[in-house]
Amino acid sequence: MKRLAPQAVESRLHQLAQHATDCLIEEVNLTPKPGLVDRRGSGAHQDLSLALMERSARSLTPTFYALAQQCWQRPADIALRETVGRLGREGEQQMMAATDGVNTHRGAIWALGLLVSAAAMQGGEANSAQLCTRAAELACLPDRHAPKTFSKGLRAVHRFQVPGAREEAQQGFPHITQRALPQLHRSREAGADETEARLDALMAILTSLSDTCVLNRAGMEGLLTLQRGAQAVLLAGGTSQAAGRQALQQLDSAMLALNASPGGAADLLAATLFIDRVSIATH
Ligand SMILES: CC(C)(COP(=O)(O)OP(=O)(O)OC[C@H]1O[C@@H](n2cnc3c(N)ncnc32)[C@H](O)[C@@H]1O)[C@@H](O)C(=O)NCCC(=O)NCCS
Ligand SMILES: Nc1ncnc2c1ncn2[C@@H]1O[C@H](COP(=O)(O)OP(=O)(O)OP(=O)(O)O)[C@@H](O)[C@H]1O
């Protein structure tokens, strides 16, 4: 690993934290997303808004910075896992303080927190596969201090016997490496503009993610509706095509009718944008 001067390290740590926050802000501003908060409004959410999501994203920069600082050029071991867990939980408290108790970004703190940590472990230089592998190593390690509390995500994982946020990270974010990033690149190369390419990447995640946010609100039927709807957008040529945009509009209406929204997929899209920004290109 390269040895950087202290000032260069400091600037890289700040950059990683700022990129993570920027990706959250870009995710929420991406429009139109099915059922999610975007520039048009709150989607299927009563307690969320664009302004609240942006405030929440900004409150997380110090958490991402602390994660990067603690993880800089360190190997994945239990001590580091426990530090990351503590900082992640403190980040959740920062978020809750900034939003008056509304859960805006719990899943995003988890995914982006692990990826910021992974980028720092690699000394700020890694390709997407290395980033996801390092993040998975951390996610697989036990954290003695993790509270054994009830969560909506765990309830869905047990009830429907599907992988959730924890498993996605432990498996090295397959929805990012095998779906979202390849789709993002394919759509860009096919001439889609950046908004269309990002929406297509979101659709690619949605085609197979077992999003516990959707399962909790709309059950397995709701999740299947979402997965088929996203597939229809991509089969119609993606959101750069009129038929693809129309399929997306139908999917949005279906999600609003089900009062459901794929918050987990939105988190993974933000994480995809982060990897796209910080990783060394290998494709
Ligand atoms: C693993 C987490 C997300 C808790 O998972 P759990 O399923 O119990 O949680 P909860 O219902 O609170 O939140 C789940 C969130 O994950 C996202 N999500 C849902 N489904 C999925 C999925 N299939 N894949 C990825 N993300 C998903 C959604 O945003 C959802 O709101 C996390 O909050 C956690 O354990 N944090 C502890 C602190 C820690 O160790 N942090 C380290 C990194 S900073
Ligand atoms: N643009 C977005 N719009 C909506 N949700 C998003 C967006 N981006 C990320 N999310 C994620 O979605 C999650 C919100 O999901 P959900 O509403 O299911 O959470 P909850 O408050 O725990 O549950 P509920 O609202 O069903 O009571 C947030 O934790 C956040 O990680």
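Modeller: Let us begin with a cut-off: a polar contact is a pair of N or O atoms within 3.5 Å. Please keep in mind that this is a predicted model.

Colleague: What makes the pair formed by D267 and an oxygen atom of ligand 2 a polar contact?

Modeller: A polar side-chain atom of D267 lies 2.8 Å from an oxygen atom of ligand 2, and a pair of N or O atoms within 3.5 Å is what the term requires, so the pair counts as a polar contact. For ligand 2 there is also a backbone N or O atom of V37, which lies 2.9 Å from a nitrogen atom of the ligand, and an N or O atom in the side chain of H45, which is 3.5 Å from an oxygen atom of the ligand.

Colleague: How much of ligand 2 does the protein bury?

Modeller: Taken alone, ligand 2 exposes 630 Å², and the protein buries 86% of that. The shell around ligand 2 has 8 nonpolar, 6 polar and 6 charged residues, and α1, α5, α11 and α13 each supply at least two residues of that shell.

Colleague: Which polar side-chain atom lies 2.4 Å from an oxygen atom of ligand 1?

Modeller: That atom belongs to D267, and its distance of 2.4 Å from an oxygen atom of ligand 1 can be set against the limit of 3.5 Å for a pair of N or O atoms, so this pair is a polar contact too.

Colleague: Why are α1 and α2 called roughly antiparallel?

Modeller: Helix α1, residues 6–29, and helix α2, residues 50–59, pack at an angle of about 170 degrees; angles over 145 degrees count as roughly antiparallel, and therefore the two helices are given that name. Their axes are 9 Å apart.

Colleague: Which residues make the contact of α1 with α2?

Modeller: From α1 they are T21, L24, I25, V28 and N29, and from α2 they are L50, M53, E54, A57 and R58. By class, this contact has 6 nonpolar, 2 polar and 2 charged residues.

Definitions and conventions:
Residues numbered from 1 in each chain as written. Chains lettered and ligands numbered in written order. Predicted model: local features only at pLDDT ≥ 70, side-chain atom pairs only at ≥ 80, totals over all residues. Heavy atoms only, no water. Axes fitted to C-alpha atoms, helices over the stretch in contact; angles between N-to-C directions. Helix = DSSP H or I, 4+ residues; strand = E, 2+ residues; numbered from the N terminus. Parallel < 35°, antiparallel > 145°, perpendicular 65-115°, else oblique. Contact = heavy atoms within 4.5 Å. Nonpolar A, V, L, I, M, F, W, Y, C, P; charged D, E, K, R; others polar. Polar contact = N/O pair within 3.5 Å; in protein donor to acceptor, adjacent residues only side chain to side chain. Areas by Shrake-Rupley, 256 points an atom, 1.4 Å probe, with all protein chains shown as cover.
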